[in-house]
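Biologist: I should like to learn how to read the features of a protein model. May we work through one together?

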Amino acid sequence: MRESGILLPISALPSKYGIGCFSKEAYQFVDFLKAAGQKKWQILPMGPTSYGDSPYQSFSTFAGNPYFIDLDTLRKERYLTKKECEAYDFGSREDRVDYEKLYLHRFSLLRKAYCRFQKKPEKKYEAFVQKNAFWLEDYGLFMALKNHYHGAAWKDWDKELRSREPSALEKAKAVFAKEIDFYRFQQYMFYKQWKKLHRYANKNGIQIIGDLPIYVAFDSADTWASPELFQFTETHEPTAVAGCPPDAFSKTGQLWGNPLYDWKYHKETGYAWWIRRVKSGLKMCDMLRIDHFRGFDEYYSIPYGDKTAEFGTWKKGPGIDLFHAIWRAVGKENIIAEDLGYLTDSVMKLLKDTGYPGMKIIQFAFDSRESANYLPHTYPTSCVVYTGTHDNDTTKGWFLEAPRECRNFAREYLQKREMDPDHLSWDFIAMAMRSVANLCIIPIQDYLCLGSEARINTPSTLGGNWVWRLKKGQLTDRLAGKIRNMTKLYGRLS
């Protein structure tokens, strides 16, 4: 079936309180998708973000971002007042997230809500806590201790807590019991509000495509609570970290710094942690995009402490064995494999063996640095086509900065003598829509013909990323109608 959808992170939705969240604007976006004839809403990871604000560097792979909790909903439930919600400064720019102000003020409001909530907890709260205890208890204690240590990474905590000595953990649980429960409350409200929004989307014929990062952050509850899952020394330091080797895009490669998995241990446990992780992701969303799919075939291992990614080596990953275990546990789930970049024969075989659709990026088709062929006439039906992703510039921004030979190639391929940057995005969208790919996903910035100011992330850079937001009023009925007409024209309106 030919379908299409829109890529828009939760954080990029409009809202009154500094960041996109599960507010009325999220429901209005679902209405916009329906009016535009779309069937999919693709988002980014929704975990609590740490230093750098990246959703791919989260304090927990199972927890939700408390910034996404809608304050107006808490107000309607009488956990907050209107005066309290309006008393804080969440930033002066409608089109940008100010994470510093969010950090300073959002938790103050959530604490006020928690104080009222704990006097009379909701009936479903205890059941939620018990059902999610396998990750929630470690996460709550981890965050309580991080606050106690003024935000320091767990590797810098006192030895007995760093190494999780049972007596030290029990003492900490008693000392920080109220703080731990505050973090349970946050997760209860996050999941309660998300479940309602997800249900509304499904009721209106919209499926949610979530995002599952292959790696977890080193400073996370996952690594602190379960060091045996990772390539750590006896003192819980990584022996090697993740990244990408040097290529045409980066002379020294990309040093991500995430800890690498001990795949031998995962195999011995029947990949139990991975099965839980995928189950959790598929419970929250209808489909999952797995980031950096190549890492399951081979992963790039960089010695811990290296300043660049130049001296890493390729190591063998779990391969199809991992997916066999997942299929036995949860069935043949709906997965999109992020298979971008240089692909070896073994990676392509793994992709074929899983049967997962890979990704095609229109911008890459005209980039001479890309060795793979992303030209639309070469696509198989079993793939997902994008004009660009969260790691790309917008189509307009790309065209204005692309080398002349890339722009000339695009003109030739489109059979256009001249290309207007303000209308180029629609040319690329049409190219993606009319391709044979079963699924077409377009970033909302391209439908709005926005430039580089609307770029979400520039890989291997710090600062200025993950901050872009839609402004109120940008998603009009006229735009929805235009998208719907194109969706119908290319046979994607079911």
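**Reading exposure, helices and the core**

Modeller: Let us begin with a single residue. D53 is partly exposed, since its relative accessible area is 23%, and partly exposed covers what falls between under 20% for buried and over 50% for exposed. Please bear in mind that this is a predicted model.

Biologist: Where does D53 lie, and what is its phi?

Modeller: D53 sits in the loop between β2 and α2 (71-76). Its phi is positive, about 65 degrees, although D53 is not a glycine. H150 is also not a glycine and has a positive phi, of about 55 degrees. H150 belongs to the loop between α6 (133-148) and α7 (159-162).

Biologist: Is H150 buried or exposed?

Modeller: H150 counts as exposed, because its relative accessibility is 77%. For a contrast, consider Q231, in the loop between α10 (221-225) and β4 (240-244). Q231 counts as buried, because its relative accessibility is 19% and the limit for buried is under 20%.

Biologist: Which residues does Q231 touch?

Modeller: Leaving out residues up to four places away in sequence, Q231 touches E237, P238, T239, A240, L260, Y261, D262 and Y299. With Y261 there is a specific approach: the side chain of Q231 reaches the backbone oxygen of Y261 at 2.9 Å.

Biologist: Turning to helices, how does one check the span of α1?

Modeller: One compares an expected span with the distance between the end C-alpha atoms. Helix α1 (residues 24-35) has twelve residues, so at 1.5 Å a residue it should span 16 Å; the end C-alpha atoms are 17 Å apart, which agrees. After α1 comes G37, with a positive phi near 75 degrees.

Biologist: Which residues of α1 are buried, and what covers them?

Modeller: E25, A26, Y27, F29, V30, F32 and L33 are the buried ones in α1. Their cover includes β1 (3-7), β2 (40-42), α9 (177-203), α19 (444-447) and α20 (477-489).

Biologist: How are the buried residues arranged around α14?

Modeller: In α14 (residues 345-354), V347, L350, L351 and T354 are buried. These buried residues fall within an arc of 100 degrees, so they line one face of the helix. D345, K349 and K352 are exposed on the other side of α14. Among the elements that cover the buried residues of α14 are α13 (320-330), β9 (335-337) and β10 (358-361). G355 follows α14 and has a positive phi near 80 degrees.

Biologist: Which residues of α8 are buried, and where do they fall around the axis?

Modeller: In α8 (residues 166-175) the buried residues are A168, L169 and A172. They cover an arc of only 100 degrees around the axis, which puts them on the same side of α8. On the other side of α8, the exposed residues are P166, S167, E170, K171 and A174. The buried residues of α8 pack against α6, α7 and α10.

Biologist: How many residues has the largest nonpolar core, and which helix gives the most to it?

Modeller: The largest nonpolar core has 163 residues, and those with the most contacts inside it are W41, W194, W274, F296, F323, F428 and Y447. Helix α9 gives the most to this core, with eleven residues. As one case, W274 is in contact with L212, I214, Y261, W263, H266, F296 and L322, leaving aside its neighbours within four places in sequence.

How values were computed. Residues numbered from 1 in each chain as written. Predicted model: local features only at pLDDT ≥ 70, side-chain atom pairs only at ≥ 80, totals over all residues. Heavy atoms only, no water. Helix = DSSP H or I, 4+ residues; strand = E, 2+ residues; numbered from the N terminus. Expected span 1.5 Å × (residues − 1). Buried < 20%, exposed > 50% of the residue type's maximum accessible area, 1.4 Å probe, protein only. Contact = heavy atoms within 4.5 Å. Polar contact = N/O pair within 3.5 Å; in protein donor to acceptor, adjacent residues only side chain to side chain. Arc of directions from axis to C-beta. Core = buried A, V, L, I, M, F, W, Y, C linked by side-chain atoms within 4.5 Å.
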